[in-house]
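This briefing goes through one protein chain, topic by topic. Keep the sequence and the 3D view open while reading.

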Amino acid sequence: MKILILTGAGISAESGVPTFRDANGLWEGHRFEDVATPQAFQRNPELVQDFYNQRRRSLLDAKIQPNAAHRALADFEATHQDDFLLVTQNIDDLHVRAGSKKVLPMHGELLKARCTHTGEVFPWREDLDESTPHPTRPEIRGTLRPHVVWFGEMPLGLEQIEVAARQADLFIAIGTSAVVYPAAGIVRQTKPSCRKIEINLDATPNSGQFDESIRGKASVEVPAFLS
Ligand code: BJW
């Protein structure tokens with residue numbers, strides 16, 4: 001059986017990572033759409049770097065740990081022979097820390113930086129700013145940005161995701177509001193015989209696309225469903 005999982009911010013919420021579209025969807029008074037675009041980065045690089053510096057520091061805080069939902073997915077992958085792919089929209093590393101192996105982070109990774117000139121990607125745990133030197137060419141400064149996918153940019157691994165969606169026999173979407181494309185369109189790429197499950201606290205615009213919508217916390221419902 002071929003299994004495709006899609007996760008969003010809701011799976012990390014109980015680990016202490018804030019979701020995007022909760023109570024007011026603001027970060028220090030800014031709509032997060034205004035700090036997650038290439039235009040915002042051009043206009044005000046300090047603001048955007050600061051947004052990601054704060055989130056990177058928070059992710060590295062010992063209090064942020066994978067929860068039972070991340071662990072259940074990792075255990076499921078390890079104990080099943082099935083063809084398995086975990087696509088996450090999250091830029092945190094909690095799936096990997098929980099032990100998941102086949103993870104595709106389609107919106108990038110907070111603990112990586114990318115050179116805007118050469119496209120090289122580096123592991124990154126420090127703050128970034130306009131004077132950060134390029135790791136291997138220290139004479140160059142200010143060319144590093146977070147290795148994340150902003151609005152208007154191309155998500156990563158789309159071809160692999162499309163193939164996995166077309167072939168999947170089981171598709172489970174966990175903790176995603178289904179408003180950001182192309183992730184929200186994956187459910188429509190699955191074949192008619194694919195069993196489609198949504199796990200979320202609330203209904204989403206995609207709920208009608210699923211065979212079953214399980215309402216509840218990911219940390220409870222994901223282990224229960226996969227057991
Ligand atoms: C729980 C829970 C618990 C809480 N248990 N559940 C088609 C139609 C309309 C627009 C477009 C379209 N195609 C493309 C677009 C434009 C745009 C888009 O989608 N805009 C919409 C907002 C309208 N898409 C793009 O620009 C994408 N690129 C693209 O399409 O490129 C094509 C192209 C490019 C260039 C030329 C030509 C073509 C890129 C999208 C990138 C998104 N990036 C972000 C930021 C990443 C970096 C960062 O983290 O800062 O990704 S935005 C943000 O939203 C982040 C997330 O991954 C993403 C999705 O959010 P998610 O994960 O769903 O979180 P929330 O907060 O929204 O929802 C949480 C859910 O969990 C809720 O439902 C809760 O109920 C639930 N929950 N606690 C269970 N305990």
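Valine 149 counts as partly exposed, because it has 18 C-beta neighbours inside 10 Å, and a residue needs 20 or more to be buried. Valine 149 sits in the loop between E8 and H6. The model is a predicted one, and the points below are grouped by topic.

**Valine 149 and its surroundings**

- In sequence, valine 149 and glycine 108 are 41 residues apart, yet their C-alpha atoms are 5.8 Å apart in space.
- Not counting residues up to four places away in sequence, valine 149 touches His107, Gly108, Pro155 and Leu156.

**Aspartate 127**

- Aspartate 127 belongs to the loop between strand E7 (121-123) and strand E8 (144-148).
- Aspartate 50 is 77 residues from aspartate 127 along the chain, and 8.1 Å separates their C-alpha atoms.

**Glutamine 39**

- Helix H2 (residues 38-43) contains glutamine 39.
- Is glutamine 39 buried or exposed? Glutamine 39 has 12 other C-beta atoms within 10 Å, so it is exposed; the cut-off for this class is 12 or fewer.
- Between glutamine 39 and threonine 116 there are 77 residues of separation in sequence and 14 Å in space, taken from C-alpha to C-alpha.

**Asparagine 90**

- The loop between E4 and H5 holds asparagine 90.
- Asparagine 90 counts as buried, because it has 25 C-beta neighbours inside 10 Å.
- Which residues does asparagine 90 contact, leaving aside its neighbours within four places in sequence? They are Thr7, Gly8, Ala9 and Ser12.
- The C-alpha atoms of asparagine 90 and valine 17 are 9.9 Å apart, while the two residues are 73 apart in sequence.

**The loop between E9 and H7**

- Most residues other than glycine have a negative phi, and most peptide bonds are trans.
- Alanine 178 is in the loop between E9 and H7, and its phi is near 60°, a positive value in a residue other than glycine.
- Alanine 178 has 21 other C-beta atoms within 10 Å and is therefore buried.
- Proline 182 also lies in the loop between E9 and H7.
- The peptide bond leading from tyrosine 181 to proline 182 is cis, and its omega is near 5°.

**Helices H4 and H8**

- Two packed helices are described by the angle between their axes and the distance between the axes.
- For H4 (residues 68-79) and H8 (residues 218-226), the axes come within 7 Å and cross at roughly 20°.
- The two helices are therefore roughly parallel to each other, since angles under 35 degrees fall in that class.
- The crossing of H4 and H8 is left-handed.
- On the H4 side, the residues that meet H8 are Ala68, Ala69, Ala72, Leu73 and Phe76; on the H8 side they are Ala218, Ser219, Val222, Pro223 and Leu226.
- By type, this contact of H4 with H8 has nine nonpolar residues, one polar and no charged.

**Nonpolar cores**

- In soluble globular proteins, nonpolar side chains tend to be buried together.
- The largest nonpolar core has 34 residues, and the members that touch the most others are Leu4, Ile5, Leu73, Val87 and Ile174.
- At least two residues of this core come from each of strand E1 (2-7), H4, strand E4 (83-88), helix H5 (94-98), helix H6 (158-167), strand E9 (170-174), helix H7 (186-189) and H8.
- Which element gives the most to this core? H4 does, with five residues.
- Isoleucine 5 is in contact with Leu73, Leu86, Val87, Ile172 and Ile174, leaving aside its neighbours within four places in sequence.
- Another core, of six residues, lies apart from the largest one, and its members include Phe41, Val48, Tyr52 and Ile91.

Key:
Residues are numbered from 1 along each chain as its sequence is written. This is a predicted model: local features need pLDDT of at least 70, side-chain atom pairs count only at pLDDT 80 or more; totals for chains, interfaces and linings use all residues. Axes are lines fitted to C-alpha atoms, for helices over the stretch in contact, and angles run from 0 to 180 degrees between N-to-C directions. Helices (H or I, at least four residues) and strands (E, at least two) are DSSP runs, numbered from the N terminus. Angles under 35 degrees count as roughly parallel, over 145 as roughly antiparallel, 65 to 115 as roughly perpendicular and the rest as oblique. A crossing is left-handed if the near helix is turned anticlockwise from the far one by less than a right angle, and right-handed if clockwise. Two residues are in contact if their C-beta atoms, placed from the backbone, lie within 7 Å. Ala, Val, Leu, Ile, Met, Phe, Trp, Tyr, Cys and Pro count as nonpolar, Asp, Glu, Lys and Arg as charged, and the others, Gly among them, as polar. A nonpolar core is a set of buried Ala, Val, Leu, Ile, Met, Phe, Trp, Tyr and Cys residues joined through C-beta atoms within 7 Å.
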